Amino acid sequence: MSDSLDDLAQRLQRFADARDWGPFHSPKNLASALIVEAAELLEPFQWLTEAQSRALPEDAKDAVALEMADVLLYLVQLGNQLGIDVVAAAHRKVDLNEGRFPVKEASGG
């Protein structure tokens, strides 16, 4: 099984096409679904201390993994619908952040 986002995007497109979900996968709807899933990602951490959030029990960690997957799946689908390479966009954003937050200034050093 490949782990590339391109392969994942193609698999997601085949999945949606087989179910005739195209009309529902507008960029607006996918962005909305992504936000809902991102909010669900927070639920397992609600009311935990910092230490507890770093030491999740396996069942909670599995729930977090599935919510993270939902966020990623919607993000990949959104990128696919808009023709945006999300990996290239992420690298571009890191490049911008490196310019905005130079190590010398950001580390206090």
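Analyst: Helices here are DSSP runs of H or I of at least four residues, numbered from the N terminus. The model is a predicted one.

User: In which helix is the place of Phe15?
Analyst: The run that covers residues 5–18 is labelled α1. Phe15 has its place in that run, helix α1.

User: Is Phe15 buried, partly exposed or exposed?
Analyst: Buried means under 20% relative accessible area and exposed means over 50%, with partly exposed in between. Phe15 has a relative accessibility of 38%, so Phe15 counts as partly exposed.

User: What is the area of the nonpolar surface patch made by Phe15, Trp21 and Phe24?
Analyst: A residue needs over 30% relative accessible area to be part of a patch, and Phe15 is at 38%. Together with Trp21 and Phe24, Phe15 makes a nonpolar surface patch of about 320 Å².

User: Which residues line the largest pocket, and what is the volume of the space in it?
Analyst: The lining consists of Leu8, Arg11, Leu12, Phe15, Trp21, His25, Asp70, Leu73, Tyr74 and Gln77. Helices α1 and α4 each supply at least two residues of this lining. The space in the largest pocket comes to about 260 Å³.

User: Is Leu12 buried or exposed?
Analyst: Leu12 is found in helix α1 and is one of the residues that line the largest pocket. Its relative accessible area is 12%, and the limit for a buried residue is under 20%. Leu12 is therefore buried.

User: Which residues is Leu12 in contact with, leaving aside neighbours within four places in sequence?
Analyst: Leu12 and Leu73 are 61 residues apart along the chain, and their C-alpha atoms are separated by 7.7 Å. Contact is judged on heavy atoms, within 4.5 Å. With those neighbours left aside, the contacts of Leu12 are Leu73, Val76 and Gln77.

User: How many salt bridges does the count come to?
Analyst: Side chains of opposite charge can pair when their charged atoms come close. The rule asks for a side-chain nitrogen of Lys or Arg within 4 Å of a carboxyl oxygen of Asp or Glu. By this rule the count is two.

User: What is the N to O distance in the salt bridge of Glu50 and Arg54?
Analyst: Both Glu50 and Arg54 lie in helix α3 (residues 50–54), four residues apart, about one turn of the helix. Each of these residues, Glu50 and Arg54, is exposed. Their side chains meet with an N to O distance of 4.0 Å.

User: What is the N to O distance in the salt bridge of Lys61 and Glu58?
Analyst: Lys61 and Glu58 are both in helix α4 (residues 58–82), three residues apart, about one turn of the helix. Lys61 counts as partly exposed because its relative accessibility is 42%, while Glu58, at 59%, counts as exposed. The N to O distance between their side chains is 3.8 Å.

User: What is the phi of Asp20, and where is the place of Asp20?
Analyst: Phi of Asp20 is near 55°, a positive value in a residue other than glycine. Asp20 counts as exposed because its relative accessibility is 59%. Its place is in the loop between α1 and α2 (27–42).

User: Where does Trp47 lie, and what is its phi?
Analyst: Trp47 lies in the loop between α2 and α3. At 77% relative accessibility, Trp47 counts as exposed. Trp47 is not a glycine, yet its phi is positive, about 75°.

Methods: Residues numbered from 1 in each chain as written. Predicted model: local features only at pLDDT ≥ 70, side-chain atom pairs only at ≥ 80, totals over all residues. Heavy atoms only, no water. Patch = residues over 30% accessible without salt bridge, like charges linked within 9 Å, V, L, I, M, F, W, Y side chains within 5 Å. Areas by Shrake-Rupley, 256 points an atom, 1.4 Å probe, with all protein chains shown as cover. Buried < 20%, exposed > 50% of the residue type's maximum accessible area, 1.4 Å probe, protein only. 1 Å grid on protein atoms, 1.4 Å probe; cavity = no way out; pocket = protein on both sides within 12 Å on 5 of 7 lines; lining within 4 Å. Points joined across faces, edges and corners; volume = space filled by probe spheres on them.
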